[in-house]
Amino acid sequence: MTIDEERGQDYLHGHSHDHGEMSELSDTQLRVRSLETVLAEKGYVDSAALDAIVEAYETRIGPQNGQRVIARAWADLDFRAKLLEDASTAVNTMGNVSAVGSHLIAVENTPERHNMVVCTLCSCYPWEVLGLPPTWYKSAPYRSRAVLEPRAVLSEFGVTLPDETEVRVWDSTAETRYIVLPLRPEGTQGWSEEQLGALVTRNSMIGTGLAKCPDGKKGGS
Ligand code: FE
């Protein structure tokens with residue numbers, strides 16, 4: 001069968017092979033792909049530059065950067081003090097692929113106070129250290145309920161705090177982002193930064209989780 005004949009067959013059957021492949025993409029993906037193609041053809045964007053950005057988010061920008069920051073703050077009291085004093089400057093000494101702006105604030109959990117972060121207005125998030133925000137962070141219920149009933153939200157994330165522990169909720173803005181410094185789990189004396197980093201979860205840096213326990217149990221009690 002020639003190409004033209006094949007096209008004719010496709011036409012009769014009401015579909016084409018091209019269409020069959022494309023239909024695996026969602027409407028949004030198709031729209032993004034079309035837009036990218038047009039912009040690249042007109043020379044407004046460089047496909048290689050876009051690929052580099054996507055690759056950076058997939059492999060180098062993510063919660064693993066925050067994990068390293070928290071692990072170092074647990075292991076190194078001098079770094080910890082610097083982080084709490086000026087998180088932007090402290091984090092930027094670690095050589096991450098994307099430097100944080102002058103707006104990052106680290107808030108320290110203690111037995112007396114648990115910190116939790118939200119953006120009530122939209123979805124402001126310290127992406128340089130935590131990567132892209134999870135869907136729930138951007139959802140309307142989280143954005144309103146984190147402020148109105150933080151303990152109820154925490155319990156839905158499996159976190160139950162003693163009644164005497166104060167819960168403080170921080171509202172992010174375009175100018176100010178927060179990272180939570182979770183409590184260091186007990187039983188981790190002498191651990192390396194790498195070992196400690198494995199206990200740091202993304203949610204523990206947002207305040208909707210606790211660091212993992214060394215025995216592998218989920219933090220939360
Ligand atoms: Fe926002």
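**Notebook: core, strands and a helix pair**

I began with L83, which touches V69, A73, A90, A106 and L181, leaving out residues up to four places away in sequence. I count two residues as in contact if their C-beta atoms, placed from the backbone, lie within 7 Å.

A note on the source: this is a predicted model, where local features need pLDDT of at least 70 and side-chain atom pairs count only at pLDDT 80 or more, while totals for chains, interfaces and linings use all residues. Residues are numbered from 1 along each chain as its sequence is written.

**Whole chain.** I find 13 helices and four strands; these are DSSP runs numbered from the N terminus, helices being H or I with at least four residues and strands E with at least two. Of the 221 residues, 28% are buried. Buried here is 20 or more other C-beta atoms within 10 Å of a residue's own, exposed is 12 or fewer, and partly exposed lies in between, with C-beta atoms placed from the backbone. Among contacts between residues at least 6 apart in sequence, 66% join residues at least 24 apart.

**Core.** Next I looked up the largest nonpolar core, which has 37 residues. Helix α5 (residues 63-75) supplies the largest share of this core, five residues. L83 is among the residues with the most contacts inside the core, as are I70 and M205. Such a core is a set of buried Ala, Val, Leu, Ile, Met, Phe, Trp, Tyr and Cys residues joined through C-beta atoms within 7 Å.

**Helix pair.** I then checked α5 against helix α6 (residues 77-85): they pack at about 125°, with axes 5 Å apart. The axes are lines fitted to C-alpha atoms over the stretch in contact, and angles run from 0 to 180 degrees between N-to-C directions. The two helices, α5 and α6, are therefore oblique to each other. Under 35 degrees would count as roughly parallel, over 145 as roughly antiparallel, 65 to 115 as roughly perpendicular, and the rest as oblique. On the α5 side I see V69, R72 and A73, which meet F79, R80 and L83 of α6.

**Strands.** Strand β4 (residues 177-181) has five of its five residues buried. R177, I179 and L181 point one way from β4, and Y178 and V180 the other way. Strand β1 (residues 104-108) runs parallel to β4, joined by five bridges; strands pair if DSSP finds at least two bridges between them. L104 has R177 as its bridge partner in β4.

Last, I turned to strand β2 (residues 113-118), which is largely enclosed by the rest of the structure because five of its six residues are buried. It pairs with strand β3 (residues 166-171) in the parallel sense over six bridges, and V117 has W170 as its bridge partner in β3.
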